[in-house]
Each structure stands twice: as C-alpha cells, then as structure tokens.
Amino acid sequence: MPLPSTKLPTIKAIRAYSMGGAAAKIRGQGGGDYHDQGKDHWIDDHIATPMSKYKEYEQSRQSFGLNVLGTLVVEVEASDGTTGFAISTAGQVGCFIVEKHLNRFVEGKRVDQIKLIHDQMINATLFYSGGGGVVINTISCVDLALWDLYGKVIGLPVYKILGGAVRDEIHFYATGARPDLAQKMGFIGGKMPTHWSSAFGDEGIEKDVAMLADMRGRVGDDFWLMFDCWMSQDVNYATKMAHAAAPYKLKWMEECFPAADVESYRELKKNMPKGMLMTTGEHTGNLSAFKELSDAGVDILQPDVGWCGGITSLQEIAALAKAHGQLVVPHGSSVYSHHAVITFTNTPFSEFLMTAPKADHLRPQFDPILVGEPVPEGGIITAEQLDKPGFGVELNRDCPLERPYTH
Ligand SMILES: C[C@H](O)[C@H](O)CC(=O)C(=O)O
Ligand SMILES: [Mg+2]
C-alpha cells in the first residue's frame with residue numbers, strides 16, 4: 001500500500017507579484033507593506049526612529065523610505081491545479097529573488113516538502129542574505145505560501161497541520177495611537193509608539209511619559225499599556241524612560257535598540273524596574289540571532305512570521321523561547337501568526353496592529369490585499385474562525401498587482 005504522501009501533487013509553478021513600494025505607480029495602499037499608508041496616518045506621525053536625529057527625517061518614516069519595498073505576493077500552483085499564496089514586505093526586490101533564484105527549490109517538489117524547501121532556500125541565500133532583511137522576508141513569503149498550498153490541497157487549516165489549537169480563542173492587544181479606543185473595542189491592552197528618541201534627551205522622555213500618564217488616566221489601572229520604541233534609544237535613555245514610566249504601570253518596553261545590539265539588551269535587562277518586561281525581535285531574521293536575544297534576557301521574543309523565515313522558522317523560535325521560559329508573541333501578522341500562535345503553549349496573547357488611520361475602528365491589518373481576513377471582534381479571534389483550508393484567505397485580485405520578472 002503506497003503511503004498517502006506519494007499521492008500528493010507536486011508544485012508546478014511559483015509566481016511573484018508586487019504591489020506598492022517605490023517602483024509602483026500606485027502607492028499608499030497598505031497591504032503586506034502595512035507601513036505604505038496614505039497621508040495623515042498615526043503610523044507615520046512623528047514616531048521615534050534611529051533617523052529621528054536628522055531634522056529632515058524626524059516627522060515621517062516614509063520620508064526616509066520605510067515604504068520603499070512594497071508588498072510581495074508569492075503564489076504557488078500544484079499539479080492538481082490547487083493554488084496557495086502568501087504576502088510579505090519585499091515588493092519587486094522579492095519578486096526577483098523568487099523568480100530568478102528560489103524557484104529552483106520549489107518547482108517539482110511535492111507539496112508536503114516544506115521543511116526541505118525551507119532549508120534549501122535559507123542555505124542557498126546565505127551568501128547574500130546576511131541572515132535577515134529582505135531576503136528572509138522573501139523566503140518567509142514562499143514558506144507561508146507553501147503552508148497555504150499544503151493546507152488547501154489536503155483541506156485543512158494550517159493550525160491543524162501544525163498539531164492543532166491549544167486554546168479555543170486568541171486574545172489580542174492592539175498597537176496604535178489610541179489604546180483608550182482599543183479598550184472599548186475589547187482588547188486587553190494597547191501599545192503606543194514613542195514619539196521621541198534618545199536624540200532628544202530628558203525632554204523626549206518627559207513628553208512620551210506625559211503621553212503614557214494621560215493614557216493611564218483614560219484607561220484606568222488594569223488595562224495593559226506598552227511602549228514600542230522602534231530601535232530609537234540607547235541604554236541610558238531606555239533605562240531612564242523605563243523608570244520614569246514605571247509609576248504609570250508600563251507593561252513593557254519594546255525594541256529599544258536595533259536587532260543586532262544584543263549587548264544593549266543585556267545591559268537594559270539588568271537596569272529594568274522590577275516587573276517591567278523587555279521585548280524585541282520583529283527585525284531579527286535567523287534562529288541564532290534569536291538565541292542571542294533570548295540569552296540576553298529578552299522576556300518576550302517577537303518574531304514577525306513574514307520576516308523571520310515563515311511558519312517553519314517561527315516554530316523553531318517558539319521552541320527556543322519555551323526552553324528558556326520565555327514567551328513568543330509575534331509581531332502582528334494577521335492570519336499568518338494566528339494559525340501559528342493558537343498552537344503555541346507559550347503565546348498567551350497576540351498582537352493586532354491597527355491600520356485604521358486614526359486607530360479608531362477595526363480595519364484588517366493587510367487591507368486590501370486579503371479577502372476574508374478576520375479582525376478581533378471584542379478583542380478575540382476564535383479557532384473556529386480559522387477553520388478554513390490553508391490560512392483561510394484569498395488574494396484580492398482587484399489590487400494593482402505587477403509581475404516584474406518571470407522565469
Ligand atoms: C508602531 C511601530 O512603530 C511599528 O510601526 C509597528 C511595530 O513595531 C509593532 O507593531 O510592534
Ligand atoms: Mg514593534
């Protein structure tokens with residue numbers, strides 16, 4: 001009797017499309033590059049960054065190119081005609097990598113050979129990936145498309161292929177400018193971007209802590225409030241900010257430093273007020289780097305499943321965190337993280353990133369590129385809502401997609 005896997009279809013074709021980014025005529029659409037939003041959006045309103053020290057790049061992250069990449073869409077087609085797809089942030093650069101390099105590791109393989117393809121993609125790109133960046137975003141996108149295809153071929157949601165849910169529902173905190181409104185929508189907490197970097201010294205700390213104090217006054221004592229510092233600080237500044245924020249019950253300080261600055265994280269961990277958590281990881285792209293952050297004492301590892309190597313890598317990172325008694329709470333990535341985290345015992349809650357311009361209503365994070373993307377109603381997404389083959393979403397073909405390369 002042949003094993004069922006010998007009856008599985010093979011992958012006939014892989015195609016890569018882009019939307020938005022610097023190469024596109026139409027920009028500001030959102031999608032996989034959720035920083036590519038239009039004007040007057042909270043996500044680009046004087047947010048602290050490592051570029052804040054330059055006056056001309058202080059007000060807007062788009063001004064220094066945060067949205068140059070755009071959305072990457074990877075579509076994979078099986079020999080039985082089933083298609084799977086995924087999105088990430090990599091745009092036309094990613095399209096080149098998929099169509100001219102990664103295609104060779106995908107086409108011709110059986111739809112269940114995801115780990116083999118993943119390992120070949122990672123190792124074959126080491127000479128130019130540096131273990132992260134746009135190359136890993138692209139590999140993540142292929143990996144996610146493969147999981148989607150496999151799920152669609154065998155008729156199961158990805159979370160069931162990964163071993164099944166360990167809880168019936170996922171509870172979310174919201175990232176955005178208005179935790180007070182997120183509280184009314186049923187979220188368990190709100191993470192705000194800081195607006196001032198270490199370039200502004202004590203005055204910057206005072207202004208951001210005043211924002212926190214105001215928000216604490218609006219939401220009461222029990223609602224979680226967090227700061228996302230987006231790599232904009234140094235150890236001294238982060239230490240001072242953490243202590244100034246402690247009286248207002250700040251739950252965690254996130255991504256105070258660039259991903260590779262492991263020594264700063266180690267130092268900050270020693271300086272943190274008792275009970276406040278230190279988190280990071282969304283810009284980290286390989287397992288060894290996550291190990292270093294974990295060893296440095298990061299309390300919550302926050303890989304982005306679209307930027308860390310896909311579901312295949314995210315499972316390894318979650319296991320690493322678990323072995324060290326740490327949580328893994330991925331950077332919000334909608335269905336791509338929902339299907340993973342509902343299977344992790346060390347992810348008690350998850351992130352929802354508000355992409356509504358004023359953070360005042362629910363908008364699907366990757367709007368408009370996914371059809372059927374769920375949003376947390378009352379701060380919750382249930383396992384039942386994920387019960388559709390693959391990641392349970394379809395590609396919105398009305399979006400202005402381009403295919404710049406073929407093979
Ligand atoms: C709000 C942050 O600056 C960033 O845009 C998103 C992020 O880092 C997060 O959700 O975490
Ligand atoms: Mg963050």
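Student: Is Pro-258 buried, partly exposed or exposed?

Tutor: This is a predicted model, where local features need pLDDT of at least 70, side-chain atom pairs count only at pLDDT 80 or more, and totals for chains, interfaces and linings use all residues. Residues are numbered from 1 along each chain as its sequence is written. Buried means under 20% relative accessible area, exposed over 50%, and partly exposed in between (1.4 Å probe, protein chains only). Pro-258 has 36% relative accessibility, so this proline counts as partly exposed.

Student: Which residues is Pro-258 in contact with, leaving aside its neighbours within four places in sequence?

Tutor: Pro-258 sits in the loop between strand 7 and helix 9. Contact here is heavy atoms within 4.5 Å. With those sequence neighbours set aside, the partners of Pro-258 are Met-231 and Tyr-265.

Student: Glu-255 is buried yet has no salt bridge, so how far away is the nearest side chain of opposite charge?

Tutor: Glu-255 lies in the loop between strand 7 (250–254) and helix 9 (262–271). A salt bridge takes a side-chain nitrogen of Lys or Arg within 4 Å of a carboxyl oxygen of Asp or Glu. For Glu-255, the nearest side chain of opposite charge is Arg-61, at 7.3 Å.

Student: Which side chain does a polar contact of 2.5 Å join to Glu-255?

Tutor: A polar contact is a pair of N or O atoms within 3.5 Å; within protein, one must be able to donate a hydrogen and the other to accept it. The partner of Glu-255 at 2.5 Å is His-283.

Technical notes. Chains are lettered from A and ligands numbered from 1 in the order in which they are written. Side-chain values use heavy atoms; hydrogens and water are left out. Helices (H or I, at least four residues) and strands (E, at least two) are DSSP runs, numbered from the N terminus. Lys and Arg count as positive and Asp and Glu as negative; His and the chain ends are not counted.
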